[in-house]
Amino acid sequence: MLCEHYKDALIEAAASGAAPSGELREHLAECASCRAVFGQEQSLFAAIDTGLHAAANAKIPLSLLPRVRARLEEVATPRLGWVQQLVFACTGVVLALVIFLMARPHRAAREELAKQGPVTVPASMPPAKSVNREETSSEGTQIAAIPVNRSHTLRDSTSSPSAASSNPEVLVPPDEREAFARLVGVLNERSDLGASLLAKVPEKEDGLAAVDPLQIPDIEIKPLEGTETETSHGAGEKH
Amino acid sequence: MQELVLNQPVSTARSELVREAAQADARREFEERLAECGQLAFRVARAVLRNTADAEDVAQEALLRAYQSFERLRDRSRFNGWLVRISFRLALDRLRSAKRRDRREALWSQPAHLPPPATVEDVAASKQFQGHLERALEELPEKLRLVLLLSAMEGHTIDEIASMVGVPLGTVKSRIFIARKKLAEKLRCYANTIRTR
């Protein structure tokens, strides 16, 4: 009964691993059976600790870290691929821009091209006021004036917006502009050609097409061949 | 307008590059920790699962998950505790699914072999006692088990365990004490064999 009193304290002392306290120590010194129980408990906890140590400190397999590194590579690869795609896309955009800029005619060449128009205009000709074809009396002069105005607008469009807004701007592809400049050159050389091109073509009166009324002759209905014989034959059969 | 269109991808690409650089730094740091934290993850998983191959799979999974969230972890000093919890949780999930599978298979196959009788004198060191211990460990509540396993692992002080688990130092001590007592209660019936030593 006395030993039962010390049982819990004995187990707790063994569990904590600490030396027994005063009263318990005195009892253990007197009681051989409690000393034996205390020894058992200490052995049990030592065995538990040994088992726990073995369970908790397993040797790490050599294959684990290489496997993890390989998986990390797999995880990281799509990100790098995405960056590469972005780099490729940016490079493509830059290349497209470079090609576009190279394909455009040079600005100086454009200006030179625009200058060609006014040079060919005879000095005696009055300056053009309007581009409207319908109002012009001397068409050749007016046509020659178009590139002059355009060249001004081209120059002025970058420098003064007010000047640009006073003259209507039309975006013309470079090849068309070149063709137009050539046409103006030709027209300046041959004013008669311009006059002939812009001369009013006499309009034809668009009368309604006269349609002669249909003349249908009287239709003569003739009996089909063999009809008479069939009817007579059928009548004969009836009878 | 044209400038805006061109500037937007450039700034996006720059921020992407910054992000990529941060990821590269995080990865470098993670790989530096890999040897240490790989061991930790494996040991936690192994202690729960008692199977090296399964523990290796779980440790790998835990490390990958940890890596994927590593960049977002602001306080890197808490990484070990975080990894321990991931590994422990994954190992428990795997153990439960393995138990369910074993139960299913046992229903169909009805295994006939019984555990061998206790004949070894030094039972504490024997595989049999180890088996009893690990089964008893499995029956412990999770919070006690994790703390007890961490305390049994080499290289972790009680302070470190407290910071890993995120509980006060006194709580860790009391959990270890309670866990050992519970284990002793379960294993006391094998004390006779220990006494023969």
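Reader: Leaving aside neighbours within four places in sequence, what is B:Ala62 in contact with?
Author: This is a predicted model. In it, B:Ala62 is in contact with B:Ala41, B:Leu83, B:Ile86, B:Ser87 and B:Leu90.

Reader: Which residues have the most contacts inside the largest nonpolar core?
Author: B:Ala62 is one of them.

Reader: Which residues of helix 2 are buried?
Author: B:Ala62 again, along with B:Ala55, B:Glu56, B:Val58, B:Ala59, B:Gln60, B:Leu63, B:Ala66 and B:Tyr67.

Reader: How far does helix 2 reach?
Author: Helix 2 of chain B covers residues 52-70 and reaches 26 Å from first C-alpha to last. That is close to the 27 Å expected.

Reader: Zooming out. How many helices and strands in chain B?
Author: 8 helices and 0 strands. Buried residues make up 28% of the chain's 197 residues.

Reader: And what share of contacts join residues at least 24 apart?
Author: 66%, among contacts in chain B between residues at least 6 apart in sequence.

Reader: New topic. How many residues does the contact between the chains take?
Author: 43 from chain B and 31 from chain A.

Reader: Which element of chain B gives the most?
Author: Helix 1, with 14 residues. Elements giving two or more residues also include helix 2, helix 4 and helix 7.

Reader: How does chain B's side divide into nonpolar, polar and charged?
Author: It has 25 nonpolar, 6 polar and 12 charged residues.

Terms used:
Residues numbered from 1 in each chain as written. Chains lettered and ligands numbered in written order. Predicted model: local features only at pLDDT ≥ 70, side-chain atom pairs only at ≥ 80, totals over all residues. Helix = DSSP H or I, 4+ residues; strand = E, 2+ residues; numbered from the N terminus. Expected span 1.5 Å × (residues − 1). Buried ≥ 20, exposed ≤ 12 C-beta atoms within 10 Å, placed from the backbone. Contact = placed C-beta atoms within 7 Å. Nonpolar A, V, L, I, M, F, W, Y, C, P; charged D, E, K, R; others polar. Core = buried A, V, L, I, M, F, W, Y, C linked by C-beta atoms within 7 Å.
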